[in-house]
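Here is a brief report on a single chain. Look at the sequence and the model first, then read on.

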Amino acid sequence: MTLQLVLLIAAALFAIGLYGALSQQVVVMVMMGIEVMINAVLLAGAALWFFLAPTPDGQTLLLVILAAMTVEMAMGFAVATVIHRSRNSDMTDAATELRG
């Protein structure tokens, strides 16, 4: 597997995530698209560090970023759940005003 192939896969994942984030109106689906885009960036970063400088420093940084992304997505899903429970709607239009 070459660097170009991994970067091509990451670009394809990013494009799929971008399409998913822009074409959906359901909050959870938009967040899933954003998560796929972030994973594509992490894949590209890991490939660059693996092929250009195979030291564990880059992989450690990517693991920290992945952990921060996991916490961020959990908080986002919590907000989406609160919006759904309070307004009985899961569309992005319902999230324009977040005052209860």
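## Helix α2

The buried residues of α2 are V27, V30, M31, G33, M37, A40, L42, A44, G45 and A47. Buried means under 20% relative accessible area, exposed over 50%, and partly exposed in between, with a 1.4 Å probe and protein chains only. Helices (H or I, at least four residues) and strands (E, at least two) are DSSP runs, numbered from the N terminus. The cover over the buried residues of α2 includes α1 and α3.

α2 has 26 residues, which should span 38 Å at 1.5 Å a residue. Its end C-alpha atoms are 38 Å apart, in agreement. The expected span is 1.5 Å times one less than the number of residues in the helix.

## Model and confidence

This is a predicted model: local features need pLDDT of at least 70, side-chain atom pairs count only at pLDDT 80 or more, and totals for chains, interfaces and linings use all residues. Residues are numbered from 1 along each chain as its sequence is written, and side-chain values use heavy atoms, with hydrogens and water left out.

The pLDDT is the predictor's confidence in each residue, from 0 to 100. The chain averages 85, and 89% of the residues score at least 70. Confidence is highest in α1 (residues 3-23), at a mean of 95, and lowest in α3, at 83. Where pLDDT is low, the predicted coordinates should not be read in detail.

## Overall make-up

The chain has three helices and zero strands. Its pattern along the sequence is α-α-α. Of its 100 residues, 25% are buried.

Contact means heavy atoms within 4.5 Å. Take the contacts between residues at least 6 apart in sequence: 58% of them join residues at least 24 apart.

## Helix α1

α1 has 21 residues. From first C-alpha to last it reaches 30 Å, close to the 30 Å expected at 1.5 Å a residue. Its buried residues are L3, V6, A10, G17, G20 and A21. They lie on the same side of α1, because they cover an arc of only 120° around the axis. That arc is taken from the directions from the helix axis to the C-beta atoms.

The buried residues of α1 pack against α2. Turned away from the buried side is a face with the exposed residues Q4, L8, I16, Y19 and L22.

## The nonpolar core

Which residues make up the largest nonpolar core? There are seven: V27, M31, L42, L62, M69, M73 and A80. The largest share, four residues, comes from α3. Such a core is a set of buried Ala, Val, Leu, Ile, Met, Phe, Trp, Tyr and Cys residues joined through side-chain atoms within 4.5 Å.

## E35

E35 lies in helix α2. Its relative accessible area is 26%, so E35 is partly exposed. Beyond its neighbours within four places in sequence, E35 contacts M69, M73 and F77. E35 and M69 are 34 residues apart along the chain, yet their C-alpha atoms are separated by 8.2 Å.

## Annotated spans

An unreviewed UniProt entry places the feature "transmembrane region" at residues 33-53 and 60-83. UniProt positions follow the numbering used here, feature names are shortened, and annotations may be inferred rather than shown by experiment.

In the model, residues 33-53 are 95% helix and 0% strand, with end C-alpha atoms 30 Å apart. Residues 60-83 are 100% helix and 0% strand, and their end C-alpha atoms lie 35 Å apart.
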